[in-house]
Each structure stands twice: as C-alpha cells, then as structure tokens.
Amino acid sequence: GLSYGNPAALDALVSEAKRRIDRALRGVLFDRYKFAEHCDAVKRYLLLGQGDFHHYLMDLVGPDLAEPASTVSAYKLTGTLEAAIRASNAQ
C-alpha cells in the first residue's frame, strides 16, 4: 500500500492514475467528440491536403498580386478563390 517513505508505491499509484486518465480522455476526445474526424475536416477546410488547389489558385490570382493592394477587390478575390476551388479537387 501507500505509506510514508515508500516512493515506489506512490510512483505506481500515479502511473496507474495517469494511465486511466489518459484512456478516459482519449475515449472522450476520439469516440464521443470524434476528434480525428474534426481534424480531417479542418485539414480539408484549410485545403492543405489538396495538391492542385495551390497551383490553380496561384495561376488565377497571379495577375491580381501584381496590382497595388488598394486596387484589388475583395469581391474579385473571393470569386477567384471560388474558381480555384471549383477547378481543383478541393471541392
């Protein structure tokens, strides 16, 4: 059992508590709240997993990037972004 002057017992107790808490936390995150699925969704949202999106976006937005920022319309950039999404496999 746990007694004064017995650090090995305390270490075993803390290790067991850590193991149980880690298992419970992983269960809550990955099973109940579907953490892995949320990470995949964020990845898709940020389009980091889509190789050709960057290529299409840079091809379409290149001429706008050469213009002064004050002359580039946010509305036009949004349209360009949407066109790049439609042209790539990021849909």
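Residues are numbered from 1 along each chain as its sequence is written, and side-chain values use heavy atoms, leaving out hydrogens and water. Since the model is predicted, local features need pLDDT of at least 70 and side-chain atom pairs count only at pLDDT 80 or more, while totals for chains, interfaces and linings use all residues.

**View 1. Confidence along the chain.** Mean pLDDT (the predictor's confidence in each residue, from 0 to 100) comes to 86 for the chain, with 90% of its residues at 70 or more. Helices here are DSSP runs (H or I, at least four residues), numbered from the N terminus.

**View 2. The one aromatic pair.** Searching the whole structure turns up one aromatic pair (ring centres within 6.5 Å). Partly exposed lies between buried (under 20% relative accessible area) and exposed (over 50%), with a 1.4 Å probe and protein chains only.

**View 3. D64 and its contacts.** D64 sits in helix α3 (residues 51-65) and counts as buried because its relative accessibility is 9%. Leaving aside residues up to four places away in sequence, D64 touches V72, K76, L77 and T80, where contact means heavy atoms within 4.5 Å.

**View 4. Where V14 sits.** V14 belongs to helix α1 (residues 7-32).

Terms used: Helices (H or I, at least four residues) and strands (E, at least two) are DSSP runs, numbered from the N terminus. Rings of Phe, Tyr and Trp (its six-membered ring) pair if their centres lie within 6.5 Å; planes under 30 degrees apart count as stacked, over 60 as edge-to-face and the rest as tilted.
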